[in-house]
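Dear colleague,

I am handing over the structure we spoke about, and you will find it just below.

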Amino acid sequence: MAIASNLGFPRIGDRRALKTALEAFWSGRAGEGELIAAAARLRAEHWNRQRRLGISHIPSGDFALYDHVLETACMLGAIPPGYGWTGGPVPLATLFALARGARGTEAGIAPTLPALEMTKWFDTNYHYLVPMLAPDQRFVLTENRPRAAFEEALAHGVRTRPVLLGPVTFLKLAKREDGGDTLALLDALLPVYAEILTGLAEAGAHWVQIDEPCFALDLTEAERSALSRAHAALAAAAPRLSILLASYFGPLADNLPTALALPVAGLHLDLARGAADLDAVLEGARADLWLSLGVVDGRNVWRTDLRAALATLRRVADRRGTRRLMVAPSCSLLHVPMDLEAEDALDPEVKSWLAFAVQKLAEVATLARALDEGEGAVASALKASDAAVAGRRGSARVHDPAVAARAAAADPPGRSAPYRDRRIVQRRTLALPPFPTTTIGSFPQTEAVRRLRADREAGRIDDDAYTEAMKRLIAEAIAWQEEIGLDVLVHGEFERNDMVKYFGERLSGFAFTKHGWVQSYGSRCVAPPIIWGDVARPAPITVAWTAYAQSLTTKPVKGMLTGPVTMLQWSFVRDDLPRETVCRQIALAIRDEVDDLQRAGIRMVQIDEPAFREGLPLRRADRRRYLDWAVACFRLAAGAARDETQIHTHMCYSEFNDIIAEIAALDADVISIETARSRMELLDAFASFAYPNEIGPGVYDIHSPRVPAAEEMVRLLRIARRRIPADRLWVNPDCGLKTRRWEEVRPALANMVTAARTLRAELATE
């Protein structure tokens, strides 16, 4: 029989239950026991839900309170000194200090320790905490978490398939304090993995899923050798266990021979993104190798064409039979919302085209049953799938000929003058001091602000009352920014629910959910829009709010826009057009907004592109095409700006070294980047490349509740000055301040202004 299988389930639960539990604990409204109990309830609900959906191989160990990479590091004892761990199971205080920074001396944690660096999980919008390893790192099993989760599920009557992040991928995602090769630590790490697997075998586990998504990357021969050596050792350590090696997010391609040669019982293939591997696998896989076929897309929300997926599965079954075949999503369902049935306000036609995690597992179970029992056993499901596919393909609402024609004809020439000429005009117009200070855009979204938006949406207040309330918030924000001495102001974005959703709600071709939440990191969840049709801007979006803010001050106020690449990356994108075509449509909508802002007297416009690198294909050979169209779309969006209009962009939590030339090609007048957690490490790329335009390296880590002292920011700025000329250096936080509290933001930004003034005084004496 074919096995209906799952690689991972969303952790956050219905109605973001995990977020609620975490934030209650962090605020002191709930104790540690309550948080642990809430997490246990979620795990039990998820295991039983998957069983009811017909899944036979249900994952355990895929749950994490904050991040699975961080919890793997804690399990392996890879904890830098000072965070309160002295051996044995890792306390929650230590886990959250690593994730969020230290806030006090609880459990011996030094109060000034920062959080670990955070970056994107491969090419997704999920963020993981980067493990920091010592050159002589000693690994130790602090607690066998996979075994504990397996035994917990057994107690609920569910036999699961434990999931474990593979040792080579773990090391490739980590960093060493001395910048050395993390894979040199593999021999020290493998005994701990062997101990984990031995414990699972003792507990009665039959299968273990070891995730090695690094197989989707360009690997060196040394890295392939490390994978071979590691998995030979793991197979030998627990010969009674059947190991499913899982890779996803792309084809294995030239790494496939290495994967097929490993002594594992099964191999998972991402056939949504790596379908090109299938023929080679059918030719080269040994006869007793189980194949897990990811035919249901775990990264997007469109219904599976069940008939097409079944044809792929039957092709494999005809060659190999169904005895060693698993049907699965392409990757963990961490990246899609929980349950479409919760969406009672979606357009019925659009809803009929969608599937969330619960529906995707139902599709998996249907396909496995069809393989075993024939199409007649699932005839109604196939009929519904056929109708949805045909309905979406034939819908007249999806395509707008005028939008398509404009996008096809648009020429992205970029700005009319080079930066060196624009700079002269902008400096004369703006008259800013050295080391100008600004923020990234958003200010705290307090409960009162959220209630105001909710009251308007529910009809409890009318538009006039809402507008007046928003104007008061903007006026207060402008006055406060002037009071502390910021040089470039923002209106605060109080009217915005989300940097993508706010714009998408005002563009054609987008749909939105009420409960379609996806975890970004920790308790931070986003509800990505769904791009289902051609995109256009019916009317100005931000002009009124920004112009009002500018009317209150003589200092420049930045217009704040989300860039086309980020709008694309942080949405669930239609799959019936090339992504670059959709991005070009969005770019034209943003271009219109840029033009309207400058016509309204706005002298600075920030086009945020935090997801620019996130869209980079994992394989180098595929990157040039993406970078060409991504750069072209940004330039198309910014190209309406006159010479005197200063264009800013913002990028965060990405490594830029290998795309610095393309970032320069965006030709933004000013770029702000995340550098506080990495201690200005990211500036090395900008310095060695001799980045020609202006840079604002973040000096305030906004993802931590810490309030950095002015002296700490001065130290960071002095490091930045060694890399970037003083006349091109801006001072700003790492990212927007929406998720922080005013009690943290006010002193932190005041300290930031003090730091900039210190640098100005130093410059004046040189």
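**Charges and overall form**

The protein chain carries 93 positive and 97 negative side chains, and the centres of these two sets lie 1 Å apart. Please keep in mind, as you read, that this is a predicted model.

In secondary structure, the chain comes to 27 helices and 22 strands. The radius of gyration is 26 Å, close to the 27 Å that the globule rule gives for 766 residues, so the chain is as compact as a globular protein of that length. Taken along the principal axes, the box that the C-alpha atoms fill is roughly 75 × 65 × 50 Å.

Buried residues make up 63% of the 766 residues, while the accessible surface comes to about 27500 Å², with 51% of that surface belonging to carbon and sulfur atoms. If you look at contacts between residues at least 6 apart in sequence, you will find that 78% of them join residues at least 24 apart.

**A covered helix**

Helix α4, which runs over residues 92–100, is mostly covered, and 9 of its 9 residues are buried. Among them are L92, F96 and L98, as well as R100 at the end of the list. What covers these buried residues includes the helices α1 (17–27), α2 (32–52) and α3 (68–75), together with the strand β4 (127–129). After α4 comes G101, whose phi is positive, near 90°.

**Two residues to look at**

The residue T758 lies in helix α27, which spans residues 742–764. From L53, by contrast, T758 is 705 residues away in sequence and 62 Å away in space, C-alpha to C-alpha.

The residue L552 is placed in the loop between α20 (543–550) and β17 (558–562). With a relative accessible area of 33%, L552 is partly exposed. Which residues does L552 touch, not counting those up to four places away in sequence? They are I474, A475 and I478. The C-alpha atoms of L552 and P89, which are 463 residues apart along the chain, are separated by 55 Å.

With best wishes

Methods:
Residues are numbered from 1 along each chain as its sequence is written. This is a predicted model: local features need pLDDT of at least 70, side-chain atom pairs count only at pLDDT 80 or more; totals for chains, interfaces and linings use all residues. Side-chain values use heavy atoms; hydrogens and water are left out. Helices (H or I, at least four residues) and strands (E, at least two) are DSSP runs, numbered from the N terminus. Buried means under 20% relative accessible area, exposed over 50%, partly exposed in between (1.4 Å probe, protein chains only). Contact means heavy atoms within 4.5 Å. The radius of gyration is taken over C-alpha atoms; the globule rule is 2.2 Å times the number of residues to the power 0.38. Accessible areas come from the Shrake-Rupley method with a 1.4 Å probe; for residues, only the protein chains shown count as cover. Lys and Arg count as positive and Asp and Glu as negative; His and the chain ends are not counted. The place of a charge is taken as NZ of Lys, CZ of Arg, CG of Asp or CD of Glu.
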